[in-house]
Amino acid sequence: MVSSVIPIVDLSPFFRDGDHQGDKNKAMEAIGQACSEYGFFQIVKHGVKHDLMSQALHLSKTFFEYPDEEKLKSSPGSEAPLPAGYRRQPKHSQDKNEYLLLFPPQSNFNVYPKNPPEFREVFEEIFSHLTRTGILVESILNECLGLPPNFLKEYNHDRSWDFMTALHYFPATKIENNGLSEHEDGNLITFVFQDEAGGLEVCKNGEWIPVTPAEATIVVNVGDVIQVLSNNKFKSATHRVVRPEGRSRYSYAFFYNLQGDKWVEPLSQFTNEIGEPPKYRGFLYKEYQQLRMRNKTHPPSRPEDVIHITHYAIST
């Protein structure tokens with residue numbers, strides 16, 4: 001295990017009045033470098049109150065401690081593009097967790113738990129805060145990539161496919177500790193905050209780096225869509241969750257997503273305009289999401305058969 005620290009970036013210059021371009025440039029330089037190297041960084045002073053994050057974690061812990069009968073009252077319907085509501089990973093899955101998945105507050109797909117009674121209000125508040133964080137970080141990535149102003153914002157203007165999961169990882173046993181298998185995220189940007197149990201690890205140069213929990217810190221990683229659009233200039237981070245022994249782990253993951261009918265392919269700024277061949281063929285985003293969902297509902301018997309973004313890679 002390497003001891004490298006995931007970069008921590010202060011976003012306060014983007015919230016302060018006045019000209020703080022020098023501080024903004026410093027933050028953008030750190031983010032651009034992290035995304036080029038391994039697609040992970042951490043943010044502080046990001047506009048989401050620490051008390052709100054703590055309260056959300058506390059309420060999720062309360063929910064997951066309820067008996068299955070109570071949790072299953074929030075089971076998902078079948079209409080959503082992803083199963084909104086409560087789910088536990090199937091017994092045959094290598095991933096040992098349960099989760100509650102919800103779309104934006106105005107979505108008709110959501111199945112909120114009735115208990116704890118404060119959960120919905122807190123969840124919706126933190127969802128709105130993280131949406132704003134996503135818009136800000138997306139604009140920073142837009143500039144780091146040298147794209148025209150507001151390019152990503154206009155490309156990805158529909159927020160209806162964003163979703164957030166509250167996660168509970170069961171304590172590790174003596175013989176296995178896998179919480180979430182090694183993977184990359186299929187969306188644009190993911191935001192994670194975790195309790196003090198830790199367990200999140202990111203892969204850099206073949207080594208696993210633990211992301212140590214820190215108060216009021218949000219972990220950010222770039223997903224497959226950004227990797228494809230940038231033609232591999234920015235990396236989709238490989239990461240996993242290792243369960244601690246003797247205790248549960250609680251976290252939230254917010255997925256800043258893409259509308260399903262969007263076409264995804266390397267942008268001309270990173271191919272034709274600089275004489276580089278595209279490294280991926282184009283695809284409809286919802287088709288990729290369906291393939292990834294099948295990975296979860298019908299896990300292949302061989303790890304090499306799991307669908308990754310390499311499914312669309314162009315061999316050279």
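Modeller: Two strands pair if DSSP finds at least two bridges between them. Strands (E, at least two residues) and helices (H or I, at least four) are DSSP runs, numbered from the N terminus. The model is predicted, so local features need pLDDT of at least 70 and side-chain atom pairs pLDDT 80 or more, while totals for chains, interfaces and linings use all residues. Residues count from 1 along each chain as its sequence is written, and side-chain values use heavy atoms, without hydrogens or water.

Start with strand E8, residues 200–204. E8 pairs with strand E9 (residues 207–210) in the antiparallel sense, over four bridges. Cysteine 203 has tryptophan 208 of E9 as its bridge partner. Two residues separate E8 and E9 in a hairpin. Asparagine 205, in that turn, has a positive phi of about 55 degrees.

E8 also pairs with E11, again antiparallel, over three bridges. There, leucine 200 stands opposite valine 241.

Now step back along the chain from E11 (239–242). The loop between helix H6 (224–229) and E11 holds asparagine 231. Asparagine 231 counts as buried because its relative accessibility is 6%. Its side chain reaches the backbone nitrogen of lysine 279 at 2.8 Å. Beyond neighbours within four places in sequence, asparagine 231 is in contact (heavy atoms within 4.5 Å) with Pro266, Phe270, Thr271, Glu276, Pro277, Pro278, Lys279 and Tyr280.

How values were computed
Buried < 20%, exposed > 50% of the residue type's maximum accessible area, 1.4 Å probe, protein only. Polar contact = N/O pair within 3.5 Å; in protein donor to acceptor, adjacent residues only side chain to side chain.
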